[in-house]
Each structure stands twice: as C-alpha cells, then as structure tokens.
Amino acid sequence: MRPKISIICPVYKVEKFLCKCIDSIIGQTFTEWELVLVDDGSPDNSGKICDEYSAKDNRIRAIHKRNAGVSAARQTGLDASNGEYVIHVDPDDWVEPTMLEELYDKAISEGVDVVLCDYYVNKDIEQIYIKQKPTSLSPSKILRDLFQQLHGSCCNKLVKRVCYSNYSINFPIGLNYCEDIITWIQFYQHEDVKTAYLPKAYYHYHIHDSSITNSFTRKTYEMRKKYITLLKEYLPNNGFEFEIRKAQLQVLFEACMNNVLTAKEAQQEVWLNKRAAFCENHNIKWLFGYLLILIGFYSIGHRWLKY
C-alpha cells in the first residue's frame with residue numbers, strides 16, 4: 001500500500017543521535033508513512049543501526065551507498081520514495097509526535113503543494129522557538145523571504161512529491177552547504193506553487209559539537225563559493241543582486257575571521273567582486289566598502305598580534 005508520507009533521512013556518522021531521531025518518527029500519531037534511511041557511506045555504526053530498524057519495522061527502508069555528500073543522499077532518498085508527500089529529517093534531530101498528522105491534515109484541507117511550519121533550535125539544555133511565518137504565501141514573496149526571515153531547510157516543510165518531477169527539481173549534487181535553499185529557489189520560481197503556513201513548531205534542530213556548521217575550513221570556503229555560483233545560476237536577472245553580493249561578503253568575512261584566507265587574499269577577492277558590482281545599486285557598493293574596512297582592521301590586528 002502506498003504511504004501517504006515519505007520521510008527522507010540522509011545518514012552519515014551520527015551513531016550517537018540516530019536512534020533518538022528514528023524513535024521520534026516511529027512514535028508519530030500518524031502511521032501511514034515510510035522512512036527512507038540513506039546511509040551515505042558512514043564509517044561508524046550508523047549503517048548497522050539503519051539495518052536494525054529496517055528489520056524491525058517494514059515501513060523503514062535502509063539504502064547504503066558510497067559517500068557522496070548530503071545533497072546526493074537526499075536525492076537518492078527522494079528517487080526511492082513512494083509517498084504522496086515528502087519531508088526530510090536530519091539524523092541528529094528529532095520531531096514532535098503530531099508533526100506528520102498535523103502537517104498532512106493542513107495540506108489536504110487546504111489543497112496545497114507545500115506546508116511550512118515553525119521549528120525549535122536545541123543546544124544543550126536551551127530550546128528556542130523560531131517563527132517561520134512568511135510575509136505572504138505567494139511564491140515570489142516566499143522566495144524573497146528565504147533571504148530574510150525564512151529558514152531554507154527541507155525539514156520543516158511537507159511537500160507534494162509530484163512537484164519535484166513536475167518542475168524538474170533536483171538536489172544539486174556535490175553541494176553540501178545550503179543545498180536545500182537551492183532546491184526551494186527552484187520551487188518558488190514557479191508562481192503556481194501553493195503554500196500554507198502552520199504556526200506551530202514540531203521539528204527540533206539540534207546544534208552540537210560535531211555539527212558541520214560548527215567548523216569553517218578552506219573546504220568550507222570552497223563549498224560556499226560553489227553555493228554562491230549556484231545562486232547566480234538559479235537567480236538570473238531576478239532582482240536578487242543585493243542578496244547574492246551579501247552572501248559573498250558573509251563568506252569572505254567568515255573566511256577571514258577563521259584564518260582560512262589571509263588579509264591579502266580577502267582584499268583581492270573583495271576588489272574583484274566590488275568591480276563586478278560597480279554597475280549595481282549603491283547599497284551593494286557600500287557593503288563592499290564596509291567589508292574592505294573590516295578586513296583592513298583585521299590585517300592590522302593580525303600583524304600586531306604577530307609582534
């Protein structure tokens with residue numbers, strides 16, 4: 001029997017957290033689901049845990065593949081899914097028991113393609129409620145909001161699975177940073193996508209010491225540059241120049257603060273991008289000027305510390 005909801009979970013080196021994640025799905029009040037666990041070549045016991053759960057519950061499937069990153073794992077799970085609707089869950093997070101039931105009821109009652117909801121951020125004993133109400137439910141407004149107050153995650157959004165094929169939407173293979181935002185940009189280029197908002201939090205986004213977002217290396221910098229390249233590709237001539245340039249500045253600044261780039265390298269990057277932005281609006285040029293000042297202070301401070 002075809003499940004009503006497919007839950008896709010990309011799995012990599014999460015043996016400490018995976019059981020809590022899967023147990024929170026098994027504990028759902030809504031039962032007509034399938035869980036697709038995609039083991040992305042985990043070197044720890046994560047793959048074994050996936051198999052153990054799959055053997056105990058026929059709604060759970062374990063797929064094992066060679067490591068290719070989270071985006072490829074999400075796409076593998078999506079390709080293998082059978083549900084009417086799809087939602088993603090990360091393996092170090094967990095969900096509230098009524099999440100699937102209430103999101104599905106909202107989708108059916110309003111006849112929409114996407115239902116988005118609020119979420120929690122959990123770090124140690126702290127829990128923060130994050131509101132995700134868009135300024136409007138029109139696709140163009142939601143697309144703009146993705147660069148403002150809306151999180152680009154796939155984990156707080158239930159999506160009609162057929163939309164992926166109808167709009168030829170795929171997760172960008174090889175991008176392991178903000179791959180979900182790129183996917184939503186593809187969605188909300190289409191003005192006929194119908195969205196509903198449910199003002200309640202179900203998803204617990206768990207921040208811990210081993211979270212990918214906690215480290216910034218040269219590899220991180222190169223991956224974020226790739227993300228910006230894809231932003232330019234998927235937002236051509238769409239009035240998002242300021243947002244793209246702002247993302248570039250953030251990457252450069254983080255690279256400087258984490259000693260991934262020298263001050264000289266950062267200055268060269270900024271000058272190159274500033275020239276590219278010369279014909280764009282005043283705010284963009286102001287941002288680049290501000291970053292140059294910050295990098296100048298960073299350079300002076302770095303030399304002072306050396307002595």
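Reply: Happy to! A residue counts as buried under 20% relative accessible area, as exposed over 50%, and as partly exposed in between, with a 1.4 Å probe and protein chains only. This is a predicted model, so local features need pLDDT of at least 70 and side-chain atom pairs pLDDT 80 or more, while totals for chains, interfaces and linings use all residues. Residues are numbered from 1 along each chain as its sequence is written, and side-chain values use heavy atoms, with hydrogens and water left out.

Let's turn to helix α2, residues 46–56; helices (H or I, at least four residues) and strands (E, at least two) are DSSP runs, numbered from the N terminus. Its buried residues are S46, G47, I49, C50 and Y53. Viewed down the axis of α2, these fall within an arc of 160 degrees, taken from the directions from the helix axis to the C-beta atoms, so they line one face of the helix. The face turned away from that buried side carries the exposed residues K48, A55 and K56.

What does the buried side of α2 pack against? Its partners, with contact meaning heavy atoms within 4.5 Å, are β1 (5–11), α1 (18–26), β2 (33–40) and β3 (60–65).

On to the cysteines. C9 is buried, at a relative accessible area of 0%, and C117 is buried with a value of 0% too. With a disulfide taken as a pair of cysteine sulfur atoms within 2.5 Å, the count is zero. For C9, the nearest cysteine sulfur belongs to C21, 4.4 Å away.
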